[in-house]
Amino acid sequence: MWNKIYVEEHLIHNPRVQSILEKLKQVPILITSYDEIWGKSKKPYLHKRDSLNLFIAQKKGQLLKLAPDAYGQAGEPHYYFIHAFNCIYECQYCYLQGYFNTPDIVLFVNHEEILEEMQKSLESYPNQKVWYHAGEFSDSLALTHLTGELELYHDFCKKNPRATIELRTKSVNIKELIKLSPLKNFIISFSLSPFSMGKVIDLKTPSSLSRLKAMVELKKNGYQIAAHFDPIIYQDQFDEHYKTLLQTMKDMELTDNLNYLSLGVVRFTKDVYREVERNYPDSPIHSTPMIKSFDNKVRYTHPMRMWMMNKVKDAAINAGVSSELIYLCMEEND
Amino acid sequence: MHLITMAHLGEAQGVIEYFNLKRITPHYFEGELLCCLITGEGPFEAATTTSHYLGQKKFNSVINLGIAGTLSDDFKVGEIYGVRSIYLIIDGKPQFKSFKSFEKGADCLTSFERIVSSQKANKLSGIGHLVDREAWGVAMAAKTCGVSFKCFKLISDVAGTIGACEIVRDNAQNGSLQLAQFLQNIIEDRPSEKNHTELQGFHFTVSTRHKFEQMLKKISIREAIEIDDVAELFNLDELREQKILPKDRTRLLLNQMENKLDPLKEKLESGLQKWKTPLEREGIFIQTDSTWESDEVKLSFSAKTQLELEQKIEILRNLKFKPFENLRNGNFNVE
């Protein structure tokens, strides 16, 4: 899977690094710091298909990032914690293709320092629930069988009932989770696409049906689950495709067990849109006209995105998702 | 005319003889199909000499052809590979700017220094598959001058191994001939792409052609059909029968194509027109954002008398924004 593995030399005796290397069975190349190579030159995104490198490193600088109001009640602080850069999957709409200069993956191993930052931030809001999201810069479950950090974050939630961690994923790699006990404030959220669209645009990911099965498995084990229909992409009969997805979720008894369902119509920054055009010129994403919108992001027209969002929202309510649990993501809420 | 760039005269000898090139200067050779430039070793040397010749004469493409050392077992000595991306390495470290030659192939590192130790080669092996001394400079010059760029490398040795330079020197003659024969194959003319705007009875300007071609592509994706088959989805004969100018016929065709791609376009346009018409009949004009992004509505009218002014203000007093808001919010099931 990995073309080359680079490890920061000061970490080579770190037990967590040793454990990862043992599982990978590949001789690493030692470097002083991951950023002496990673992202130094503009490596085209699709090179990840045949020359994806792995960097194991210590995250310096910002370990937590304050996020805008997202899911849940407005006013509750939301943070992203940064434990990795880049992703093994290849979703055609992924913003990572225009975010970093390279698709190479970095796994940060200084989780204790990240958790310290989380603890500090939690204490700065003494009377509030604080959200911590993983999965902003990488899938939060896909490589957990290698990295083994889940237990630390789980412990953090156990000790801090005011903190809620959301692990956002497209992975069905739930083995490590099942070993832990479920917690009310430890939520696993799955990004889902309609079955037919998912096959075309969510490349190298488990199918939406497999993700639903993983959700059922987690639910059976007492886990809190959530779903994201984001990005919603236009195709003929898109609403019927979402109804089919939601009906399947209902049949699997998922729709009335969601913590929340977030909805977002596809949108890109200008740079990411250019990358998507370059990397996936035949993608269905390009078959519907888009414009530069109110925030300079490239989106469908306002009527189109409101029409699509409402169609999917109605379908979700009809399938049994409570309307109070449906959140419209990154869209002016009018 | 192609400009072939090669680092050394020894590598280029085969190309010069094979294509019967005439020596113009000690480093520049011309023929009917192509010219060959000996750039010298090193990215800066390659960039400056290539830029100089691109400024002297018009070339359709620049092809960098030459030898490289391999950093990967997947790229074998003695084989020629198309290069995918080219990176620059200074002091063993990658630099930001990279160039693309092909969608697939080997990634080449142009290094300022020769890679003679296995430790250095190992460190670079995660960044690229091959190492050379000039491709990045040639790519930089070609891209700056807006000339198409391609790069092919014959693998001469394993980078970082002892004696690599001797291997290269000993095999120079064979390699040179191999490169020349390879070049013959790649510069053969290819059939030109079909021009889809050659439609009888239609006239395309530069901008309408661009729009037409973009929509052809989008519709082919949406309908999952070939671009060549998209025109069959529209009744071109019916458009041809209309007694209108060819450019107006093109406008109608583009409009039909837009309607096919945008499921709401017709509904929005007719809804907006329905909202505007009663006011327009009274001489009051409404202008809205054509992209629907802004909710701002501009109203304009003129009045010649106090009475006319008051009548129009009265009409405006009764104007309802709700139909416009419903359209803008994608609510089509309400009146």
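## Close-up views of a two-chain predicted model

**View 1. Strands β6 and β7 of chain B form a hairpin.** Strand β6(B) covers residues 80-90, and strand β7(B) covers residues 93-100. The two strands pair in the antiparallel sense, over 5 bridges. Find B:Ile89 and look across to β7(B): its bridge partner there is B:Pro94. Strands of a sheet pair through backbone hydrogen bonds, and the sense may be parallel or antiparallel.

**View 2. Chain B touches chain A.** The contact takes 29 residues from chain B and 30 residues from chain A. On the chain B side, at least two residues each come from β6, β7, α3 (118-124), α7 (206-223) and α12 (322-328). Which element of chain B gives the most to this side? Strand β7(B) does, with 7 residues. The chain B side divides into 10 nonpolar, 9 polar and 10 charged residues.

**View 3. Chain A holds an open sheet of 5 strands.** The strand order is β2-β1-β3-β8-β6, and the pairing is mixed. Which strands stand at the edges? They are β2 (29-31) and β6 (84-85) of chain A. Each has a single partner strand, so one side of each is left without a neighbour in the sheet.

**View 4. Strands β1 and β3 of chain A run in the parallel sense.** Strand β1(A) spans residues 5-8, and β3(A) spans residues 54-57. They pair over 3 bridges. In β3(A), A:Leu54 is the bridge partner of A:Ile5. In a regular strand, side chains alternate between the two faces of the sheet.

**View 5. Chain A as a whole.** Chain A has 10 helices and 18 strands. Its radius of gyration is 20 Å, close to the 20 Å that the globule rule gives for 334 residues, so chain A is as compact as a globular protein of that length. Along its principal axes, the C-alpha trace of chain A spans about 55 × 45 × 35 Å. Of the 334 residues of chain A, 46% count as buried. Take the contacts in chain A between residues at least 6 apart in sequence: 77% of them join residues at least 24 apart.

Note on methods. Residues numbered from 1 in each chain as written. Chains lettered and ligands numbered in written order. Predicted model: local features only at pLDDT ≥ 70, side-chain atom pairs only at ≥ 80, totals over all residues. Pairing = 2+ DSSP bridges. Helix = DSSP H or I, 4+ residues; strand = E, 2+ residues; numbered from the N terminus. Rg over C-alpha atoms; globule rule 2.2 N^0.38 Å. Buried ≥ 20, exposed ≤ 12 C-beta atoms within 10 Å, placed from the backbone. Contact = placed C-beta atoms within 7 Å. Nonpolar A, V, L, I, M, F, W, Y, C, P; charged D, E, K, R; others polar.
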